[in-house]
Structure formats: structure tokens, C-alpha cells
Amino acid sequence: MLMKNTEEKNLFSSFVNCMRRQQGLSMKQLCQGLCTFQELSYFENGQKLPNKLLLDAILERLGVGAEDYEHFLDYIEYDHWEARQQILHSITFEKIEEAEELLEKYRTFYESQTNPIDKKLNRQFFYSMQAQIKRMRGASREELYMLFCEAIDLTVPELNKKPLKELVLSIKELNLIIEQEYCRKEGERPERYQEVMEYIVAAGFDEIGRAKIYPKVVYFLCRSVMAGGKKALGQQRAKDNWTLEKLLKHCNCALELLRDSKRMYFLWEILVIRGDILKELIDRKVDFCEDTENFSRKFPYLYQENEQWKQMLEDIYREFHIPQVTFNYCYLYVMQGVQCINDIIRIRRRMLGVSRKNLCQGICHEKTLQRLERRETTPQAAIVTELFERLGLSKEFTRIGVITDSQEAKMLMAKINDLDNARQWGQAKKLLENLEQMIDFKFCNNRQMLMRKMALSCWKQGEIKNEEYCRRMKEALELTLPYEVFLKEGQKYLTYEKQACIQNLMQGMNRESKEFWTCICRFEEYYRPYADENGMHEAAAGMYEFIMSFVGNEWGNCGNFDEADRYSGIILRNCLRLRRLEMLPLVLYDRWWNFEERKKRKIPDNKELDAVEELTKCVLASKLAKGYSQFYLKKLMQVKKE
């Protein structure tokens, strides 16, 4: 168990304490069913960091669904996390036998545990995964219902004694409640789904957290009501008043949430049920609904747009032989950015060319470091923090973006990232200047982030030339990593921020230089373990897309279309598997561009792509993701004129 005792490491505990207080929750409410009051008190006071499962559960009850956290675990906890990820991966890729075998091994592990909190949370994970596997095997609703009841009762024993609004629930617990209701022997109750939906709306969930669960409960609600026919939608049910207009409003809210968060959790299902509702309203000769926020256009137009999006997704899923139906909820459990402390210290030390003797001098015995690097001992936190500091790493074992306990600063950081993605560099720069007044720059990671983003904004606005831009980006990188170290061959550990610095630096380089292609090779080496014939390890999804889409583009630009297609294919398949929307239009366009370039150069291709169809998909996917669709639309117009 890692103990925390320094100012920097206390920031995350303080951040959690602030979130709890802002939401008006007592420690007793937050920890009910999860852990003891004392356990939570130790964490919030920065005295002891909970294990991974408990930490996740606490964050989720506070509404945190963010996927860009970085977590550092000792090798024992890391192995347990990795075992869970392997189970999730097998279910996602429909490898039922493999999933069953891995889950049985997991059962053996958690049953041997002595810590009651660990045992409870691991058992809940087991039941949840078992239910998904049994559903794939065709289990009855009654059998699944019993599993969901067992899982929920472990952490929400008060479920049937209190209204949901009086409980504090995580997205995983809400998901189990939804699944339990669906499998209920007496039949599902729309009122229960409505209660869950109202809980989500009232809770302080962040955007990603809401996107993971809200569309699902909206779909279940609308489907159950629509299945009840006209009676369920009639005015005689004044108590519930399930009107088509209200169902449409819920669907619109779910759709907008998915578009804003760039996710596809139950997106196809929402489009299907929304299309049915719109068609029914059109048949009733209803033009539009004033109560439907942001959707004041005529219903026939909305229906046409909805059908185009739905058909586009169906076509892409069909082409890649991936089910469009959201048949699992593994995405609720996938946790990215998890690293093993033992491995980080070993890899980072070798990267920097530091001997064990020099690294551990004044910190620990050389044999202790040797055993730590070999995964023969769990590291003491006091030793780890000093080793991390000497290796130029943050001492915060769980962090996101900026190192701060300010919720306002973290929200501002998220807004800056959104503006960067939208290429609104001027607005992003203004917010960066505000952020500069809110965070502590004695932490290298904070300085590095600000320097990188400022340099990028200035360059994109034409305020500085390439040479100055590259100089500033290298300066930012070298706050925590010598650039020459990255250029060398060999195993590496790179934080998200370091990777972003290097990718941003490459944007300003001469594409024909040896330096640029050395960087390409190093990123390919770094991400080779994350990709296999089934796609990418979920833990690297976001950064893989960010880095390797750039690498793939450069291979295409220099004429190596096979390599460019390989990366586009990996990313595209995983966009579909992992329900990630943002990169979908870009990789579809890259695939078409590679095909067109082959055709121009009379290079044989084993596929045939229709330009109008492919660019239309790009336009639709970009509009769905609220991206820069004008680029794809312009290309489509050009092709139609030819």
C-alpha cells in the first residue's frame, strides 16, 4: 500500500476532498457500501492511497469518467489490473472461451484475498463479467437477473430500501441497476429507467462519465415504452405521461452528449429509436416540437439526417465485420494510462543511462533497487517518490493533465483541450493565460504543459516561425526528458505529455530530414507492443490514435501506402470496437486518399472504393462528431465536378 506524505502527492487527495464537498456529500455517504469511514478519511487526508479498485469506485461515485488519468501501481496491483483488462479485451473481441478461462483464474485470485474491501470489489467485477459471458452463451434473463442482484448487493445494500436520489452511485453501479431491471422476471419498468435517468442528470458526473451511461438508460427507457404500444404513449397514463415528444427530447439529449464527448456508446441504438420516434411524429403530421432544445428544425429534415448517420454507421460496421449493436459494457471498466512503478523505474533508468548505484545513492540499498526492478518486491512509497524525483518524474501516483487540487483549473484545462481539437488557437491561448494564474509552476509537468500549448498556439497563429517553434518545443520537452534520449533505440517510458511534446515538435520539422524519420521510427518501436491482429490494447487507445494517425499520414505522404493503410486500419477498427468517434472521419479519409494516390500512380490495389460514397461517409461522420466537416464537403464537391 503506497503512503503519501509530500505536498505534491497530497494534491490528488485534496482534489477528491474538494469534489466531495462541492457536491455536498458527507464521507459517510460516499463510502457507504464501499469502504469504512476511516479508509476514506486516510485517503482524503493524504495519509494512504487506496488500491486501484477502491480508488476507481470512489472517483466514479464522484462522477469522474475521464479517461486521461495516469495511474502508477506496484507490480502486484498492476498484474491484477492487467488481468482485468485481458478479460475485458476477450469479451470485447467476442473470444468467449478465452474470456471464461481468464475469468475463472480471476475467481481463484480474488477468493484468496484477505482484505474484505478488495474481495468485495473483485467479486462484483467477477459477477459483472460473468453476466456478459453468460449472455453471449444465451443464458436466460432469470439467470442473469440473479447475477446482477448479487453484484449490486455487494456495494449498494440499500438499493431496495431507499429511492436512488438518496444514494451515492457510480456509473458501474447504475449500469448494474439498468441491467437488473432489463432482466426482471415481472418485466422492466419505464419508471425505474426514468429514475436512473433523473439521477444521472442531477449527479455531478463529468462529460465522459455521463456519455458512458446516459445514452444507455435513455435507449432502454424509450425501447421499453415504445414496446408498450399506443397505450403506453397515451394520455391516459397521466402519471408517467410518456409522450413521443418527451422521448424524442431524451434521445436528442443523449445524441448531443455523445457528439460532444466524441463517443459512440449506444449511438447506433439511439439513432434507431430516435428514427422510429421521428417517423411516428411525421406520420402524425407533427412538424416540430418547441420543447425539443437545439432541434427546432422540421422533423422530416431531422429524420433524413438521422437515417443518413445510421446508415453510414451500419455500412462501416458491416464492412469491417464488427457488430453495430452495443452487446457489452466493457467500456465502463477500461482504464487507460496504468503503468507499473517497478517497470517505469527500470526503463527510465536505462533510458537515461544511469547506473543503479548512482540512482539509489542516498535513497536505498543497491540490492533493494535491483529487486524492485526485477519485480521481486513491492516498492515503499517514500523510496519511490525519491527515485521518481531523481528520474525527472512526477511524484503524484494518480494524476490528470495539470497537477493541482483545483477543480476549476482542471475544467479549464479540459476546455483548452477542446479548443485545441477545434483548432481555435486564439481562444485556447487566452484560456492558457488564465490557467497560468491558477496552477503552481514549481511542478515541472505543469510548466511543460503550458510551454507546449503556448508554443503550439503561437505557431498556429503565425506569431512564430518553425525554427523558434521547434526550439520552444524542445525546451518544453527537456524539462523532463533529454531529446537525445528519445532519439536513441531501446525500450522507453513516456508520459502522455512527453509524447505530445514530441509529436508537436515533429509538426514543425523538415519532413525529409533524418531527425524526423528517426522520430517516426521511435514511435513505431514504442507502440509496436500495443497493436496485434485484433487491434490495439485499450489502455493506449487515445494516445495511439493521436500519435500513430500522424505517423500513418507521413507514410502515406512519402508513398508507402501499405504502411499508411495498416495504421488507418488498426485505428478504424478500434474506433468501431471501442466506440470512439473523433478519429473516424479522419481515418476514413486517409484510407480513401491512399486508394486515390495508388490509382493515380497505377499501383495495383486489392479493394475498390467509390470516391463519392467514401467522402460522403467522411462528411457525415465529421458532422456527427461536430468536427470540421467543410474540409470533407469541399473534397466531395470537387470529386462530383470531375
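Visitor: Which residues of α5 are buried?
Guide: This is a predicted model, so local features need pLDDT of at least 70, side-chain atom pairs count only at pLDDT 80 or more, and totals for chains, interfaces and linings use all residues. Residues are numbered from 1 along each chain as its sequence is written, and side-chain values use heavy atoms, with hydrogens and water left out. The buried residues of α5 are Tyr 75, Glu 77, Tyr 78, Trp 81, Arg 84, Gln 85, Ile 87, Leu 88, His 89, Ser 90, Ile 91 and Thr 92 (buried is under 20% relative accessible area, with a 1.4 Å probe and protein chains only; helices are DSSP runs of H or I, at least four residues, and strands are runs of E, at least two, numbered from the N terminus).
Visitor: What caps the N-terminal end of α5?
Guide: Asp 74 does, with a side-chain oxygen 3.0 Å from the backbone nitrogen of Ile 76.
Visitor: And what follows the helix?
Guide: Glu 94 follows α5, and its phi is positive, near 60 degrees.
Visitor: New topic: which helix gives the most to the lining of the second largest pocket?
Guide: That's α16, with four residues. α5 (75-92) is among the elements that each supply at least two.
Visitor: How do the lining residues divide?
Guide: The lining has 16 nonpolar, six polar and six charged (Ala, Val, Leu, Ile, Met, Phe, Trp, Tyr, Cys and Pro are nonpolar, Asp, Glu, Lys and Arg charged, the others, Gly among them, polar).

Terms used: Buried means under 20% relative accessible area, exposed over 50%, partly exposed in between (1.4 Å probe, protein chains only). A polar contact is a pair of N or O atoms within 3.5 Å; within protein, one must be able to donate a hydrogen and the other to accept it, and residues adjacent in sequence count only if both atoms are side-chain atoms.
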